[in-house]
Amino acid sequence: MTDKTENPAHTSSGWRTATRLLHAGVERTPYGETSEALFLTSGFVYDNAEQAAATFTGDAVHYQYSRFGNPTVDALQRRLADLEGAEACIATATGMGAVSSALLAQVRAGDRVVASRALFGSCHWIIASLLPQYGVETVFVDGGDPDAWGEALSKPTAAVLIESPSNPMLDVLDIAAVSERAHAAGAIVIVDNAFASPVYQKPLELGADVVVYSCTKHIDGQGRVLGGAILGKAEWINEVVLPFTRNTGNALSPFNAWVMLKSLETLPLRVDAMTRNAAAVADWLAEAPGIVSVRYPGRADHPQYEIAKRQMSGSGSLVAFEVAGGRKGAFAFLDALQVILISNNLGDARSLATHPATTTHMKIGPEERARLGISDGAIRLSVGLEDSADLIDDLARGVAALKSGGFAAG
Ligand SMILES: *Cc1c(COP(=O)(O)O)cnc(C)c1O
């Protein structure tokens, strides 16, 4: 795979991605500040009562209240839309705010929603538990099974939600093929693109209608603030989603938007460096004793390697692997690490390791975990910006713990 981070089709100004991530979406105040201003304000004042009234009727353009709109949040929305090649963007308080608002704004009681089974834990809960509570029929599909998609989409459907690569086992779905089937059933296709990041995958180009992000992950990229984004066609964003997010209070803090604007300046640099580390770590793990299997979209032994190669321009910073010894082996491995931190976040500059079966995917239960291939020995590794030799030395501590614990032969 190449490390291509730009796509001329998205270039509104003729500039390439790295340039636009520094300059797109900026609207300077009369002070001419170099970096974006931070408008940390809840409300806005009017020159007179007439202007306030005209703002509320829509006859005057003026900020009203930061739940409705804020200049710093707007700057982030413009830059994210520019990066994604989307007509419009709404920034939300969290990634789950983006997923839940996109779905809840779209569907009505009696509608049908189809989702791939391999979803982030909270996304899974929205499909399995929340939507049915409001009279929405929901169906899970094994994402790699074309017959299952055919069957699930044989009836009119309002929305399809997929994640690729998926959390935590990095299943890769054919976004173009799923989108085509979904459109035939009348559905809009929402892709949770958190794992690939906007640097490596452009779902809208592959035929999807909506992209959602947890900006908490690679977009902030340094584990500091929560945020999310919904991107799609201007008409859908403004008429379907915006009234929902504004009135339900799913607004991003201007401070968090300002942190993320700064982070976007270095997004491709960070993601490319993390990906180089991840590829090195995945190859090392694949040869290490006590490591039963490794899943990385950039390795030819990934089950959907060909699809990944076709639809992603880089393989990403996440690696999943299974250690010998099940839960005990995984805990011994994790507890031996000194550089890599045990944490359920991802996309951080610091490498983070997670045991999905007892944390992020604990609530879905053993049966569903088995269906998703999340074994008790599975570990999800979000590879950061450390020196890859230090990461490999650290993983060697984990491997040594497998040997000394009797989980792996020497
Ligand atoms: C983290 C994550 C989310 C949720 O994002 P938050 O910002 O934590 O709300 C949704 N989808 C995926 C794939 C994620 O990794």
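Which residue in E12 does Glu322 stand opposite? In this predicted model, the residue facing Glu322 is Ala378 of E12.

Strand E9, made up of residues 318-323, and strand E12, made up of residues 378-382, are joined by five bridges and run in the antiparallel sense. Both strands belong to an open sheet of five strands, and reading across the sheet gives the order E8-E9-E12-E11-E10. The pairing within this sheet is mixed. At its edges stand strand E8 (291-295) and strand E10 (341-342); each has a single partner strand, so one side of each is left without a neighbour in the sheet.

Attention now turns to the ligand. The ligand has 14 residues around it, and those that come nearest are Met96, Asp192, Ser214, Thr216 and Lys217.

From the side chain of Thr216, an N or O atom is 2.6 Å from a ligand oxygen. Lys217 also takes part through its side chain, with a polar atom 2.8 Å from an oxygen atom of the ligand. Gly95 contributes through its backbone instead: a polar atom there lies 2.8 Å from a ligand oxygen. On its own, the ligand has 380 Å² of accessible area, and the protein covers 91% of this.

Conventions. Residues are numbered from 1 along each chain as its sequence is written. This is a predicted model: local features need pLDDT of at least 70, side-chain atom pairs count only at pLDDT 80 or more; totals for chains, interfaces and linings use all residues. Side-chain values use heavy atoms; hydrogens and water are left out. A residue is near a molecule or strand if one of its heavy atoms lies within 4 Å of it. A polar contact is a pair of N or O atoms within 3.5 Å; within protein, one must be able to donate a hydrogen and the other to accept it, and residues adjacent in sequence count only if both atoms are side-chain atoms. Accessible areas come from the Shrake-Rupley method with a 1.4 Å probe; for residues, only the protein chains shown count as cover. Two strands pair if DSSP finds at least two bridges between them. Helices (H or I, at least four residues) and strands (E, at least two) are DSSP runs, numbered from the N terminus.
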